[in-house]
Number of protein chains: 2
Amino acid sequence: MSDDDQELGITESKSHNTGEWYAEVVQKAGLADYGPEGMSGFIVTRPRAYALWERLQGFLDAKFKDTGVQNAYFPMFIPESYLEREKDIVEGFDPEVAWVTEAGNNELEERLAVRPTSESIITPYISQWVRSHRDLPLRVNQWCSVVRWEATETKPFFRTKEFLWQEGHTAHATSEDAWDETMTRLDQYESAYEDLLAIPVLKGQKPDHDTFPGADTTTTVEALMPDGKSVQGATSHHLGRSFAEAFDITFSDEEENDRTAHTTSWGLSWRALGALIMTHSDEQGLVVPPTVAPEQVVVVPIWQEDTKEEVLAYAEGVADDLGDAGVRVELDDRDERNPGFKFNEHELNGVPLRIEIGPHEVDDDELTLVHRPDGESVVEDREGVAETVRDHFDEIYAKLYAAAEETLDGEVREADDRAEILGTLGQHGGYVKTAWCGDEDCEEPIKEPMAAEIVMVPFEDEDPLVGDDHDETCAICGDDAERTAYFAKSY
Amino acid sequence: MSDDDQELGITESKSHNTGEWYAEVVQKAGLADYGPEGMSGFIVTRPRAYALWERLQGFLDAKFKDTGVQNAYFPMFIPESYLEREKDIVEGFDPEVAWVTEAGNNELEERLAVRPTSESIITPYISQWVRSHRDLPLRVNQWCSVVRWEATETKPFFRTKEFLWQEGHTAHATSEDAWDETMTRLDQYESAYEDLLAIPVLKGQKPDHDTFPGADTTTTVEALMPDGKSVQGATSHHLGRSFAEAFDITFSDEEENDRTAHTTSWGLSWRALGALIMTHSDEQGLVVPPTVAPEQVVVVPIWQEDTKEEVLAYAEGVADDLGDAGVRVELDDRDERNPGFKFNEHELNGVPLRIEIGPHEVDDDELTLVHRPDGESVVEDREGVAETVRDHFDEIYAKLYAAAEETLDGEVREADDRAEILGTLGQHGGYVKTAWCGDEDCEEPIKEPMAAEIVMVPFEDEDPLVGDDHDETCAICGDDAERTAYFAKSY
């Protein structure tokens, strides 16, 4: 969009109208547009958002490859009969599937599903590739888009009918190996949120009644959004033998006995972008940490006619030094815009660090650095600018993370009975931690009036309510408590 | 596949049964599998081939970004009414479109095309984003898969119903700018072939009657395959104003006048992988240059029981040194396989350089290096192994390129009349260069009996037959010649 048409700044309030504020940030910061008429639920991912996705992709892809994963690519269509071979899967996804029924001017004999997830086409190939225990573990991952025809309102990156993600699929000789794999990926997802996106997460598993279709265990990282709702940030599933049995993944072990493999799958979608944008941004627009910012620094020279030459030359030198050091830097030397407009525009677009250079800075061999999240302004020496800037990146990252962590810490509350759970969720949102018997029926009295559910249960070895050495009872039914449950509204 | 089941070596002859030989290389080197039943025309891209694709992607993506292109992502579906807005596009692609007609358990009101190419969904957004001449040039690219339901026989990477590619879409203020863009991308494609894949190409344009639907000019890089057929290696289209008019891309120029933009699109698909595999591979299996090889070096220790410890330690040191220097290296220290088996397996899988280490090498502080394409064996000092290996990579690249170039040079022949064109094509394949009046009708007498066509016409400024200062006549009709035409059979 041309500058001339651009209204800078966000008009909606982040705290009062989080949804509208988010939609406005996404549009005005040039992150995404809505799909064409007739295609509600689809979005166009614009370059600024796609660049964020590429950095997240690069971060995770390197971790995957360092830990034995290879990328591959499978067909985007899945024959209906394949989808049906794992009955839990088709029950899980059938209502959301988009079907190709005509192609090349002919009606197809069998409908083809546009992949909602690829277990049912990848597993049969893994079955062909695995013969011996020496072929295990086998790990493939693909970066692709999938389609799930949900009828809910579109929310860019959070709820869209097509979304970008990665899906990893692995096969292992033992259940323990599959469990290690499941946790390795979950830890990598946690690291992506905490070390790249500056978002602290809660790590645990879904209650047994809410696992991925066909899975033994679904593990999750959950992130808290500013409106008090939880986002499922990524999931990693121990699939047990259900897919291996449905698609016949067998191998001969060291004693030449035939055995059935254990499989896992794990995925992170562009929902992580939604969480990133929503967590840090403000009423000036997009805020992202320097780790993922497409432009990390903007250098804004501030001149009068008589100082223009020297200020511009100095600013160019600074930008060159930064560029040479591998910093993603832009020099904004546009003539037709005043500094105030430029400041607003780069704030809207989420550039984490601004360097202001006027005649004063030139005279004193200095720079004025301004942090995006809070406007903190610091004067630094010109010398060693690249190192100085990196220190400020670390500071900015730490500020963003600390703010998100403080929010999360304050938004985990405890409650002892149904009324307190409902009251706390209603008043504050966030997570409500409570003792739970483990029965799905005890989620209903919260879910029904409040649309909140158990989004996370700590892992067994981290949950004091596992085992008999406590007297806690379920907050809903009063039976013996078996697990700690985190209730929250969720995206 | 487990080693136990693997038959190493290719049984078909590259020169006699190129198609069968190619299919065998693709399967045995673990590059691709065929799609499931009911989905003929689809392939599964296995990790070895996908890693080749990732290197090609990285090479081109960096070039694109260095020259002003930003990545984005658009929906995979296109409403039928959008496809129809550019009449050439709908005529060009309609017979090959796969249609989504049902989704979320409902019949859709409007059919959605699975994108065969994205001009008709990207251009309307470019139209929204462009207001002023300051918004131009606007360049977006996406890496994705597209679907074209062709009824021909499947040939992995060459002919598949779904294929991976990138498609770039740009808008410009003037036709000249759009032409510069078209050529910038064509040059980058040429560089990908010549500097990364070790494949020389012919660069030119398609005859006017064979341009991309809606395009003014389609430019192409053509590569010669070992069976004498030409592969269209990538295309870059000057689209003129046809899409800009159909989708209303207008901008106000410096004088505030409304003007219509000029657009381009350009794409390279995984067909480039097909060309790569087919050009260099042989009857031992896959051959690829070190630039793209997933594993560049394999270190094979050769020991007896009494030398095992020292040989393995030495080999590990070599592999570590190479790994530390950023070389993609594997140490093959498997106990259960003998060196001969390992040699064959790594040759099948296309590792460009093998380092053999036995007690002799250990004693003399040396290494034996064996080149994949020709088995050339060289003894080198252990010291400075990383630099030595890089020199050998350059040598291997040069050998592969020289061989492909020699083939290409020998396969461009001239002919002066229809009989000679047909005879030359029938006897040798390759390219037949001839004078041509420019009329589509004069392609028919070659196309009809021989299934060969004009795959390339040199650019105007490189074609001596453009203009009046020659006496050449069309080899088919005898009228004045206007262009030089390259006839070939093609994929």
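Which residue forms a salt bridge with B:R111? In this predicted model, the partner is A:E102, and the closest N and O atoms of the pair are 2.6 Å apart.

**Between the chains**

Four salt bridges are found across the interface of chain B and chain A. Strand β5 (residues 98-103) of chain B gives the largest share of the side that touches chain A, namely six residues. By class, that side of chain B holds 35 nonpolar, eleven polar and 17 charged residues. The β5 strands also meet each other: strand β5 (residues 98-103) of chain A pairs with β5(B) in the antiparallel sense, over five bridges. Within this pairing, A:A98 has B:A103 as its bridge partner.

**Inside chain A**

Chain A is assigned domain 1 (3-280), domain 2 (297-408) and domain 3 (412-489). The C-alpha centres of domain 1 and domain 3 of chain A lie 27 Å apart. Of the area that domain 1 buries against domain 3 in chain A, 40% comes from A:L202, A:Q205 and A:H209, more than from any other three residues.

Here are the two contacts in outline:

| Contact | Residues | Buried area | Polar contacts |
|---|---|---|---|
| Chain B and chain A | 63 residues from chain B, 63 residues from chain A | about 5,200 Å², 59% on carbon and sulfur atoms | 25 residue pairs |
| Domain 1 and domain 3 of chain A | 18 residues of domain 1, 17 residues of domain 3 | about 1,400 Å², 65% from carbon and sulfur atoms | seven residue pairs |

Between domain 1 and domain 3 of chain A, the salt bridge count is zero.

How values were computed. Residues are numbered from 1 along each chain as its sequence is written. Chains are lettered from A and ligands numbered from 1 in the order in which they are written. This is a predicted model: local features need pLDDT of at least 70, side-chain atom pairs count only at pLDDT 80 or more; totals for chains, interfaces and linings use all residues. Side-chain values use heavy atoms; hydrogens and water are left out. Contact means heavy atoms within 4.5 Å. Buried area is the accessible area (1.4 Å probe) that two parts lose on being put together, summed over both. A salt bridge is a side-chain nitrogen of Lys or Arg within 4 Å of a carboxyl oxygen of Asp or Glu. A polar contact is a pair of N or O atoms within 3.5 Å; within protein, one must be able to donate a hydrogen and the other to accept it, and residues adjacent in sequence count only if both atoms are side-chain atoms. Helices (H or I, at least four residues) and strands (E, at least two) are DSSP runs, numbered from the N terminus. Ala, Val, Leu, Ile, Met, Phe, Trp, Tyr, Cys and Pro count as nonpolar, Asp, Glu, Lys and Arg as charged, and the others, Gly among them, as polar. Two strands pair if DSSP finds at least two bridges between them. Domain bounds come from an automatic or database domain assignment.
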